[in-house]
Amino acid sequence: MPIPEIAIKTIGDLSREVRALAPIEKWLFRGQTDACWDLAPSVHRGYTAQQERYLTNEFRVRARSRHFSCPSSDDYPGWLALMQHYGLPTRLLDWTYSPLIAAFFSVHPDYVPPRQSIDRDACIWVLDGRKLNESQGFEPLIFPLDASSYEPLIAPAFKNRDELDTVGVAMAIEHDPRIQLQQGAFTIHSSRTPINLIEGADGWLRRLIVRSEDIQFFFEELTALGIRKFTLFPDLSALTSELRSMHRPSDGCY
């Protein structure tokens with residue numbers, strides 16, 4: 001069956017749809033700037049299994065001289081989270097418990113790829129994490145990323161092991177202020193089938209669509225409510241980016 005889809009134009013519309021979800025604690029959200037994109041992690045977009053292992057293991061070898069609080073050698077969940085945090089392609093897909101944060105990532109112009117159409121719709125995916133876990137053979141609960149039950153999903157990213165061909169939903173481990181602020185969670189992809197294309201996905205997924213003509217107003221509403229880049233990324237580069245966007249040169253050149 002097709003995944004349920006609802007068009008929203010305002011934060012009020014978003015609030016109405018979120019309040020209809022019960023209980024809210026089991027739902028996760030993900031914003032994407034193009035409603036046509038599948039729910040697949042970055043390492044499954046063109047990389048082979050061998051390339052994935054090359055990326056993860058070279059990162060582990062070279063990271064210690066550049067980062068002074070690296071996980072222990074056998075802490076694969078910790079390493080995977082660190083790689084995801086710094087932008088390495090991984091089998092993790094980011095989610096959040098906050099619909100407003102997901103909305104931010106769906107409409108913020110900084111996250112629109114350079115060649116993406118200006119006429120595309122944005123999307124806020126809504127995921128019942130407990131139902132997805134149950135459908136994949138796990139308990140209908142959401143455990144931390146380093147839970148032992150997720151080890152078979154994570155280990156093939158580092159070792160030549162058979163994949164389970166499943167997906168799991170995990171809580172992020174708050175090793176960084178950004179994860180805490182963004183209320184993060186992950187899906188772990190041991191399957192190369194995007195979540196939205198798994199049989200039965202209509203039982204745990206919803207789509208909230210922001211039409212192209214409504215994106216700018218939606219973004220302005222989020223900004224007015226204080227959902228801004230520098231509040232979600234507590235570092236100087238985000239602050240600089242936010243200040244430059246708020247204060248343009250008076251002569252119009254930048």
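Q: Where does Gln50 sit in this model?
A: Gln50 lies in helix 2. Keep in mind throughout that this is a predicted model.

Q: Is Gln50 buried or exposed?
A: Gln50 is exposed, because its relative accessible area is 60% and the cut-off for exposed is over 50%.

Q: And how far is Gln50 from Lys159, in sequence and in space?
A: The two are 109 residues apart in sequence. In space, their C-alpha atoms are 9.4 Å apart.

Q: What about contacts across the whole chain, how many join residues 24 or more positions apart?
A: Among contacts with a separation of 6 or more, 73% are between residues 24 or more positions apart.

Q: Why does Arg91 count as buried?
A: Arg91 counts as buried because its relative accessibility is 0%, and the cut-off for buried is under 20%. Glu52 is buried too, because its relative accessible area is 2%.

Q: How many salt bridges are there in total?
A: The count comes to ten salt bridges.

Q: Which residue does Asp128 bridge to?
A: Asp128 forms a salt bridge with Lys26, with the closest N and O atoms 3.1 Å apart. Asp128 is in strand 4 (residues 122–128), and Lys26 is in the loop between helix 1 (11–19) and strand 2 (27–32). The partners are 102 residues apart, so this pair links distant parts of the chain.

Q: Are Asp128 and Lys26 buried or exposed?
A: Both Asp128 and Lys26 are buried.

Q: Now Asp121. What does its side chain meet in a salt bridge?
A: The side chain of Asp121 meets that of Arg211, at 3.0 Å from N to O. Asp121 lies in the loop between helix 4 (99–107) and strand 4, and Arg211 in the loop between strand 8 (205–210) and helix 8 (215–224), so the bridge ties together parts that are 90 residues apart in sequence.

Q: How accessible are Asp121 and Arg211?
A: Asp121 is at 21% relative accessibility and counts as partly exposed. Arg211 is at 30% and also counts as partly exposed.

Q: New topic, helix 3. How many of its residues are buried?
A: Ten of its ten residues are buried, so helix 3 is mostly covered. Among them are Tyr76, Trp79, Leu82 and His85.

Q: What caps the N-terminal end of helix 3?
A: Asp75 does, with a side-chain oxygen 3.0 Å from the backbone nitrogen of Gly78.

Q: How do helix 4 and helix 8 cross?
A: Their axes come within 10 Å and cross at roughly 135 degrees. The two helices are therefore oblique to each other. Helix 4 passes helix 8 in a left-handed crossing.

Q: Which residues make the contact between helix 4 and helix 8?
A: Helix 4 contributes Leu100, Ala103, Phe104 and Val107. Helix 8 contributes Ile215, Phe218, Phe219 and Leu222.

Q: Strands next. Where is Gln32, and what is it in contact with?
A: Gln32 is found in strand 2. Leaving aside neighbours within four places in sequence, Gln32 is in contact with residues including Trp37, Ser106 and Trp125. Gln32 is buried, with a relative accessible area of 3%.

Q: Last one: what does the side chain of Thr96 reach?
A: The side chain of Thr96 reaches the backbone nitrogen of Ser98 at 3.0 Å. Thr96 is in strand 3 (residues 92–96) and is buried, with a relative accessible area of 5%.

Terms used. Residues are numbered from 1 along each chain as its sequence is written. This is a predicted model: local features need pLDDT of at least 70, side-chain atom pairs count only at pLDDT 80 or more; totals for chains, interfaces and linings use all residues. Side-chain values use heavy atoms; hydrogens and water are left out. Helices (H or I, at least four residues) and strands (E, at least two) are DSSP runs, numbered from the N terminus. Buried means under 20% relative accessible area, exposed over 50%, partly exposed in between (1.4 Å probe, protein chains only). A polar contact is a pair of N or O atoms within 3.5 Å; within protein, one must be able to donate a hydrogen and the other to accept it, and residues adjacent in sequence count only if both atoms are side-chain atoms. A salt bridge is a side-chain nitrogen of Lys or Arg within 4 Å of a carboxyl oxygen of Asp or Glu. Contact means heavy atoms within 4.5 Å. Axes are lines fitted to C-alpha atoms, for helices over the stretch in contact, and angles run from 0 to 180 degrees between N-to-C directions. Angles under 35 degrees count as roughly parallel, over 145 as roughly antiparallel, 65 to 115 as roughly perpendicular and the rest as oblique. A crossing is left-handed if the near helix is turned anticlockwise from the far one by less than a right angle, and right-handed if clockwise.
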